[in-house]
Amino acid sequence: MPAQLNGDFTGSIPMHIPADQTNNYRKQHKHSRSSYSESSPLATSRNNSLTFRPPKRLMSSPNKTIAIINASGRQAASFIRVATAVGYHVRAQLRNLEGVVATEVSTNPNVTCFVGELYTRHKPTEDNKDVTQNGPLRGVGVNHDLISNLFRGAQLAFINTTFYGDELQIGKALADAAKKARVQHFVYSSMPDHAAYNPEWPSLPLWAAKHKVEDYVRELKLPATFVYTGIYNNNFTSLQYPLFCMELQDDGSFVWQAPFHEDAKLPWLDAEHDVGPAVLQIFKDGVGKWNGERIALAYEYLTPKEACALFSRGLGRPVRYIRGPIELKVRIPAGYREQLEALEKLFRADEPDPKKQPPYFGDSKLEESCPREALELWEGPRGLEEYAREMFPLEEEANGLTWMFDDDETGGEDDEVQATATSVGQLRIHDDEDDEDEDDGLVMRMGRKRAEEEWLA
């Protein structure tokens, strides 16, 4: 029976998608303006990481296979690019084949794709009708068949669980499967449960499950390493997106408003550029060096004011930080709303002392290692200034925005066209009460570039 592409896949058929089939699929689902297209004056005017590739060096091909989930997410896709480039084979789970990143992964000759969800649906029974915090979700199970096949023949694993399905139960199932498959090194992308460090701090719902998965991996005594990723440079957008909206002003400047103290340091990471090389080095170093260790993947440790100054320098436009509440200008899913509410309690906008702001990673010792430990893994990161200069305009263009073009480049598009492009992006951030994925956690579709990828992954 062929695997279905609509999210209902419950079997365990590996799908290595032939290039001709994927190209046909891509043609049927192409957007009106493809990401980073050759026709874009932005793409042709810069030597960025997507348009320039140095010649490959000859090296021995590693004879190992890596199991990866949520392969179209920023972290996993970054790692797949570098791991397959040096010869590793990847067994990758994808929720579907939609989007430019999923196409990139599924057409990679060193990747075997498993298309389907990590969760299953079933009719709730009287025994599981109640939904408990971070416990089993009603009517949602774990796709053990897919997970079991994913780990078949894998010696390594890079796992970044997300909110689709029951993250805790899926995380435990993945750890169990890795243990059964005798995986030699299990790298898990974790995040803190702040309440575990200080009972006065609230838990962030989308992070607490990861912390519990990490605890379970430790209980199993898997040979494992845990990476904690900083705030993605890639989160910024001028679309009306809560928390990381870089709002375009009438004078061409930008404003970022968030509850973080303007003088308290935060960890930063360019996920698409730097996760892959760093995780690859962890695997190269092996469990002998990193077993049981937590590693802060953050290459800059900046206050919001410092971050805006670098962003301004990269864009060549004023960028101003305002400390204030998180503004909700579009409808968002309930799961993400709970995350934002907890974040506002954790990082109180009325706290005058920057030293009293809780560490982003929960553990102050972990943040003290930023960026020293990350630089031990990868010495060529892309900082926030370079991201703002090289990539932010490209991602904005890919989401249908036009502010980065001069009039002669756009043919004199007026404000009405810009407003239309912005509304296209906003409509993709939605909270549909009738959405069939309501119980799966956060569902968010943002702009044209990453239509179906997990933006937090």
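In which sense do strand 9 and strand 12 (residues 266-269) pair, and over how many bridges? The two strands pair in the parallel sense, over 2 bridges. Two strands count as paired if DSSP finds at least two bridges between them. I231 stands opposite W268 in strand 12. The model is predicted: local features need pLDDT of at least 70, side-chain atom pairs count only at pLDDT 80 or more, and totals for chains, interfaces and linings use all residues. Residues are numbered from 1 along each chain as its sequence is written, and side-chain values use heavy atoms, with hydrogens and water left out.

Helices (H or I, at least four residues) and strands (E, at least two) are DSSP runs, numbered from the N terminus.

Strand 6 (residues 156-159) is covered on both faces. L156 and F158 on one side, and A157 and I159 on the other, are all buried. Buried means under 20% relative accessible area, exposed over 50%, and partly exposed in between (1.4 Å probe, protein chains only). Strand 1 (residues 65-68) runs parallel to strand 6, joined by 3 bridges. A67 stands opposite A157 in strand 6. Strand 7 (residues 185-190) also pairs with strand 6 in the parallel sense, over 4 bridges. Here F158 stands opposite V187. The chain passes from strand 6 through helix 6 (residues 167-180) to strand 7 in a right-handed β-α-β crossover. Right-handed means that, with the strands pointing away from the viewer, the path from the first strand over the helix to the second runs clockwise.

The largest nonpolar core has 85 residues. A nonpolar core is a set of buried Ala, Val, Leu, Ile, Met, Phe, Trp, Tyr and Cys residues joined through side-chain atoms within 4.5 Å. F151, F186, W256 and F311 touch the most other members. Helix 6 gives the largest share, 7 residues. Beyond its neighbours within four places in sequence, F151 is in contact (heavy atoms within 4.5 Å) with residues including A67, A157, I159 and F186. A second, separate core of 39 residues includes I68, A77, L156 and A374.

Helix 3 (residues 74-85) is mostly covered, with 9 of its 12 residues buried. Among them are F79, I80 and A83. Just after helix 3, G87 takes a positive phi of about 110 degrees. Helix 8 (residues 205-219) has 15 residues and reaches 22 Å from its first C-alpha to its last. That is close to the 21 Å expected at 1.5 Å a residue, where the expected span is 1.5 Å times one less than the number of residues. Buried residues of helix 8 include W207, V213 and Y216. Their cover includes helix 6, strand 7 and helix 12 (334-346).

E293 is found in the loop between helix 10 (287-290) and strand 13. E293 is partly exposed, with a relative accessible area of 37%. E293 and T225 are 68 residues apart in sequence but 5.3 Å apart in space, C-alpha to C-alpha.
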